[in-house]
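Please read them with the coordinates open.

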Amino acid sequence: MAVARDSGDDSSQASGSQELKTSVTFALREAEDKNLIQEARSLINKQKAQWKEETEGWTWYTWLAFYIPFFGWIRTYQWKQWLLWDVAAGMSTAAMVIPQGMSYANLAGLPYAFGLYGAFVPCIVYAFLGSSRQLVVGPVAVTSILLANGLQDFMPYLEDPNNPKTPEEKQIQENYNHAAVQIAFVAGCFYTAIGVLRLGWITNFLSAAVISGFMTGASVIIALSQVKYILGLKLPRSDNIQDALSDIFDNLGGFKWREFCMGMAFIFLLLAFQYLSRRYKKLFFLKALGPLTVCVISIALMNIFGWYKPTESCKPQPCVQGPKIKPIGKIPSGPPDFTAGWWLPLFNVGRQMVLAVLICMVDICESISIAKALARVNKYQLNSTQELRGLGIANLAGAMFNCYTTTGSFSRSAVNNSVGAKTPLANFATGITIFITIMWITPVFKNMSQNVQGAIIIVGVLQLFDWPEFLYLYKINKFDWLVWVTSFLCTLFLGVEIGIGIGVGVSLLVVIYRTAFPRITTLGRLPGTSIYRSTKQYPEAEPQPNVLILRIDSPIWFANVESVKEFVRTSITRQSKAAAEGGDRVRAVVLDLSPVTDVDATGIHFLDDLVDELRDDNVDLVLGNPAKNVLVQLKRAHLVRKIGRANIHINVADAVNQATSLAATQRKLETVDNV
């Protein structure tokens with residue numbers, strides 16, 4: 001018989017004494033004492049049995065589809081019903097990712113072509129290995145700013161990565177490109193290892209409040225980094241808001257009105273497209289076409305009016321030669337180079353490993369949350385383990401072909417889903433469209449204005465500014481709200497790497513605080529029932545004469561033992577004083593252990609000392625509904641014998657009956673002694 005943990009905790013009726021003893025005996029017998037090797041062997045055998053049951057009857061093709069999901073969905077693909085939708089969704093996403101990818105690559109300090117490569121190779125590989133039907137992978141803004149800030153702390157870099165002029169500048173940019181590919185390789189290894197070893201739980205340390213606050217702060221930093229393209233300024237890279245604003249205001253003398261007017265027009269046009277796509281469902285395609293539309297307009301205007309051509313300007317002095325509106329310049333055509341030879345040795349092992357772990361954790365949280373949301377909307381089950389493996393191998397494949405780290409994109413996945421993508425075939429369509437672009441179409445972008453990328457990124461990161469979450473957390477949970485605010489402000493004023501680090505630290509401190517000071521509740525019996533509930537939540541709950549009933553709502557371990565001990569002692573003292581006014585005292589303490597999932601060595605010492613202290617005061621201790629592993633710990637410490645088998649029960653009602661019986665016996669003995 002298993003130890004009761006749910007409905008039997010408070011609502012079962014009191015059993016007869018013989019039935020109670022039998023139940024407790026079975027419960028204690030199940031809590032057999034196993035050593036670590038036996039426990040490990042038992043766990044492995046359980047996993048094997050579960051895996052054998054799940055895979056019973058699988059054929060070789062089922063196994064193939066399990067590891068490469070492509071073979072699963074392609075077998076049942078409905079070509080007539082789905083092909084058109086997948087191709088349309090893939091091409092719409094490609095129209096969006098071409099200008100976005102180039103912009104994000106520049107944000108990362110890499111040549112524009114890297115953004116196109118990142119939307120080509122990983123997209124194709126993910127279509128084979130990913131389990132999400134609508135997720136689109138590629139370069140994203142947050143990864144790009146993390147990579148730029150991380151690499152530029154220890155690697156020389158160029159302000160314009162697309163036009164190195166001297167051999168020294170070319171070498172600097174080449175080393176920077178190598179380092180970015182190495183980060184993609186290391187992050188891909190971490191991705192794959194986390195998926196293979198099923199370690200996705202470690203991302204739980206990046207709570208939703210941390211990620212939301214970090215991304216909101218990062219969105220401001222990213223937007224400010226693009227203001228220079230809108231204003232036509234030459235500014236150094238800044239990783240916090242105060243430096244960014246200082247640089248902008250200090251260099252306003254170089255303001256170029258033509259670039260400002262064109263950039264602001266593009267921003268308003270993109271916002272208008274987004275508004276119309278949200279306001280009118282039939283115009284949903286405008287969101288995908290917005291970035292491509294402003295690119296086409298920019299290319300047309302620049303070529304028609306010749307604004308890309310160098311002209312001499314003497315305002316302000318001295319005279320300088322340059323274009324009226326700066327173009328992005330030449331983008332190399334052709335397939336990406338094979339870059340697996342760049343992987344090792346790393347330029348800076350420690351810094352690159354830490355940066356890769358940070359990017360990997362943020363990307364996993366972002367990508368998995370998007371994939372789960374899409375799976376929920378489209379009513380299918382997401383295989384998170386396969387998802388991590390797919391993203392990891394997609395990054396490794398990308399690192400072989402001139403790509404930096406990629407992950408699931410929220411905006412492009414939303415467009416992919418809204419257009420009607422049914423399967424990962426949409427990723428194939430996106431990848432093929434990008435391949436055609438990098439092979440034959442990149443020369444078209446040569447004269448496109450730089451302010452286009454600024455407008456696309458600024459509008460793109462607006463969706464990362466999660467102010468509704470700020471308001472939601474303030475209403476729901478002040479601790480999570482504090483974590484959000486801390487993560488946001490630290491990212492804003494200290495930089496993205498420090499910001500997310502402090503956010504995680506504060507989040508862990510909140511967890512430690514909650515576990516170090518757990519909620520301990522005084523229980524009473526609801527009238528006419530054998531159900532025991534909090535006397536604060538239910539004022540009508542009746543305290544039991546001579547019996548103090550407490551529920552500990554957390555594991556008992558070294559971090560919270562002192563607070564638990566102090567509360568128990570204070571409660572006994574308080575109730576004893578109240579009982580003394582009526583001429584009586586507390587004679588038994590019942591601990592409801594149903595929420596206690598574990599007890600460490602310090603917790604065992606606490607229970608041992610508590611038994612001695614209560615006996616010194618002639619008070620009995622009774623335990624209600626301890627979990628199986630808690631019973632194992634009690635048996636190992638010989639506390640079952642010390643407390644007494646008759647004082648360990650499978651529900652609170654039985655424990656209170658036992659405590660009441662013990663209290664009545666004590667009263668009779670005291671009456672006899674007094675006589």
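1. Strands are here DSSP runs of E with at least two residues, numbered from the N terminus. The model is a predicted one, and in it S534 is found in strand 6, which covers residues 532-534.

2. The burial of S534 deserves a word: a residue is called buried under 20% relative accessible area, and S534 counts as buried because its relative accessibility is 11%. Leaving aside neighbours within four places in sequence, the residues in contact with S534 are T521, T522, L523 and A541.

3. The side chain of S534 also reaches two backbone nitrogens, that of K536 at 3.2 Å and that of Q537 at 3.3 Å.

4. As background, strands of a sheet pair through backbone hydrogen bonds, either parallel or antiparallel.

5. One of the pairs to inspect is L548, whose bridge partner in strand 8 is V589.

6. Turning to a helix, how many of the residues of helix 19 (residues 451-461) are buried? Eleven of its eleven residues are buried, so that helix 19 is mostly covered; among them are N451 and Q453, together with I456, I457 and I458.

Key
Residues are numbered from 1 along each chain as its sequence is written. This is a predicted model: local features need pLDDT of at least 70, side-chain atom pairs count only at pLDDT 80 or more; totals for chains, interfaces and linings use all residues. Side-chain values use heavy atoms; hydrogens and water are left out. Helices (H or I, at least four residues) and strands (E, at least two) are DSSP runs, numbered from the N terminus. Buried means under 20% relative accessible area, exposed over 50%, partly exposed in between (1.4 Å probe, protein chains only). A polar contact is a pair of N or O atoms within 3.5 Å; within protein, one must be able to donate a hydrogen and the other to accept it, and residues adjacent in sequence count only if both atoms are side-chain atoms. Contact means heavy atoms within 4.5 Å. Two strands pair if DSSP finds at least two bridges between them.
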